[in-house]
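Here is a short briefing on one structure. Look it over first, then read the points below.

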Amino acid sequence: MLAGDRTALARLMTLVENRAPELPAIMSGVFPRTGRAQVVGITGPPGAGKSTLADRLTAHCRGAGQRVGIVAIDPSSPFSGGAVLGDRIRMQAHTLDPDVFIRSMATRGSLGGLSRATGDVIKLMDAFGFPWIIIETVGVGQTELDIIRQADTTVVTLVPESGDSIQAMKAGLMEVADIFVVNKADRDGAHALMAELRFSVHLHYTSGAGPKDVDWEVPVLAAQAVHDVGIDALLEQVRRHRTALEQAGALEKRRQARRRAELEALLVEEFTAQITARVQTDPALARTLEAVTTGALDSYSAVAQIIAQTLKRP
């Protein structure tokens, strides 16, 4: 994969998604080659045109001679658990381009808009040498906050008829968005939606609400992605945001926080796996879990007992 073999990249992604035993060795091997790509996240409600926006962004990057990796998070199939592949269909114009790699991934039960393996797949694409990586979330609604833990720049896409602009502000999308895009801006209500968003953005910017690691007032852009309108302006704002992050030293701080959060998540995952495995052979652990199940012991006391029982053993 490090030598540029796309088939090897696809196979490694499959191993990563399936959480194969080779996963730690794979991620250790690519680690020295990561941290170079610009990661752009595209999120928003279903039907907002996220796939079309990602498709047009890709076309403009390719027009500038830059390679692009795309991670399209699709809903899980209720039958196979795999990705439904709707997003890849919308990006089929790029499927034969050797400098574009599209990976559809299933959410596999994750409620934050991304698959659990998304971060590792991004690292593989980064190590492969894609300067641009675009992540498109599944479009589950207003809870897609996982994206800010993976993307350097997050684009929130809304449409005039969504009717949820103010609800989106309440749900925390104001904290998620680095750029707002009102797609399908030729439809009725687009100007009103943009006015509402700009007012909310400016109010949020001037109020000092929440910690700010970069001086950035979120731009509100109009686009008609299906007609390739507004994409140049979006790409320019993405580049401006990257420059602002670098100048403020925020890009590296965010990546440090991301690495710390990843470590904590892996520790929880590994600890849970070890406890689950030990229950089969450790009678004391089995008794503790059984006591919680039957209601004889509360969960907090059980956690204290499990940690004590586990940490005293190699």
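The side chains of H241 and D178 are joined by a polar contact of 3.3 Å. A polar contact is a pair of N or O atoms within 3.5 Å; within protein, one must be able to donate a hydrogen and the other to accept it, and residues adjacent in sequence count only if both atoms are side-chain atoms. This is a predicted model: local features need pLDDT of at least 70, side-chain atom pairs count only at pLDDT 80 or more, and totals for chains, interfaces and linings use all residues. Residues are numbered from 1 along each chain as its sequence is written, and side-chain values use heavy atoms, with hydrogens and water left out.

**Around H241**
- H241 sits in helix α9, residues 231–248 (helices are DSSP runs of H or I, at least four residues, and strands are runs of E, at least two, numbered from the N terminus).
- H241 counts as buried because its relative accessibility is 0% (buried is under 20% relative accessible area, exposed over 50%, partly exposed in between, with a 1.4 Å probe and protein chains only).
- Beyond neighbours within four places in sequence, H241 is in contact with D152, T153, D178, W216 and R254 (contact means heavy atoms within 4.5 Å).

**Whole protein**
- The protein has twelve helices and seven strands.
- Of its 314 residues, 45% are buried.
- Among contacts with a separation of 6 or more, 74% link residues 24 or more positions apart.
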